[in-house]
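Hello,

Here is the structure I said I would pass on. My notes follow below it.

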Amino acid sequence: MANPSAAAARRRRATGPAPSLTGPASDVHPVLRRATAPPAALDLLAQARAGLDEATALETPNERYATAHLAALRTAAAVLAARGRPEPTPRRRARIRSAWEVLPEIAPELTEWSALFASGADRRARAEAGIRGAAGTRDADDLIRDVAMFLRLVERMLVLQPVLPQPRRNGEEEGDGDGEGRERRADREVPDAS
């Protein structure tokens, strides 16, 4: 007589992946779960979100621009807090570098974002200094929109990272000794219909 649990496993496999709550199943391979981002990174993301909300509520373009740019900087700092590593040589440690210079080394996928925000650092300095016309209304609106997108991207990258299955060591079978490992071995022996 066939093992009922092996037949159930074949039925589950034949019906396809479980539906995803975050989008179509075809675009998500691993299960998305809350990752264990360091508390410092999560705190910086919260500060960036609050700063972006504040920038949206401010009235003068200079204040809006400077506050939004600071939110982008805090977002980059969150990535550095989560993925950063110490500089390899004392000479490199002695040189002070901006977050926008370091970010592409730590997270190459954010290189374009880093270049975008690095190009606005001088304008932010002028806006913070109160120089009239340092940032216009459109400059501030565009930056707020860009920072919001950057922040969402980084939040997804750091907080909702996919949890990948751990590789098995050779000779080690899955299961906890209650027959679960044998069931999985039986599933592997059954040819897939697709």
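At what angle do the axes of helix 3 and helix 7 cross, and within what distance do they come? Bear in mind that the model is predicted. The two axes come within 8 Å and cross at roughly 130°. Angles over 145 degrees would count as roughly antiparallel and 65 to 115 as roughly perpendicular; helix 3 and helix 7 are therefore oblique to each other. Their crossing is left-handed. On the helix 3 side, the contact is made by Asn62, Tyr65, Ala66, His69, Leu70 and Leu73. Helix 7 contributes Ala121, Arg123, Arg124, Ala127 and Glu128.

Next, the core. The largest nonpolar core has 31 residues. Those with the most contacts inside it are Val79, Leu103, Leu110, Phe117, Val147, Phe150 and Leu158. Two or more residues each come from helix 2 (39-57), helix 3 (61-83), helix 5 (99-106), helix 6 (111-119) and helix 8 (137-159). Helix 8 gives the largest share, eleven residues.

Helix 6 has its own pattern of burial. Trp113, Ser114 and Phe117 are its buried residues. Viewed down the axis of helix 6, they fall within an arc of 100°, so they line one face of the helix. Glu112, Ala115 and Ser119, on the other side of helix 6, are exposed. The buried residues of helix 6 pack against helix 3, helix 5, helix 7 (121-128) and helix 8. Of these buried residues, Phe117 is also listed among those with the most contacts inside the largest nonpolar core.

Regards

Note on methods
Residues are numbered from 1 along each chain as its sequence is written. This is a predicted model: local features need pLDDT of at least 70, side-chain atom pairs count only at pLDDT 80 or more; totals for chains, interfaces and linings use all residues. Side-chain values use heavy atoms; hydrogens and water are left out. A nonpolar core is a set of buried Ala, Val, Leu, Ile, Met, Phe, Trp, Tyr and Cys residues joined through side-chain atoms within 4.5 Å. Buried means under 20% relative accessible area, exposed over 50%, partly exposed in between (1.4 Å probe, protein chains only). Helices (H or I, at least four residues) and strands (E, at least two) are DSSP runs, numbered from the N terminus. The arc is that of the directions from the helix axis to the C-beta atoms. Contact means heavy atoms within 4.5 Å. Axes are lines fitted to C-alpha atoms, for helices over the stretch in contact, and angles run from 0 to 180 degrees between N-to-C directions. Angles under 35 degrees count as roughly parallel, over 145 as roughly antiparallel, 65 to 115 as roughly perpendicular and the rest as oblique. A crossing is left-handed if the near helix is turned anticlockwise from the far one by less than a right angle, and right-handed if clockwise.
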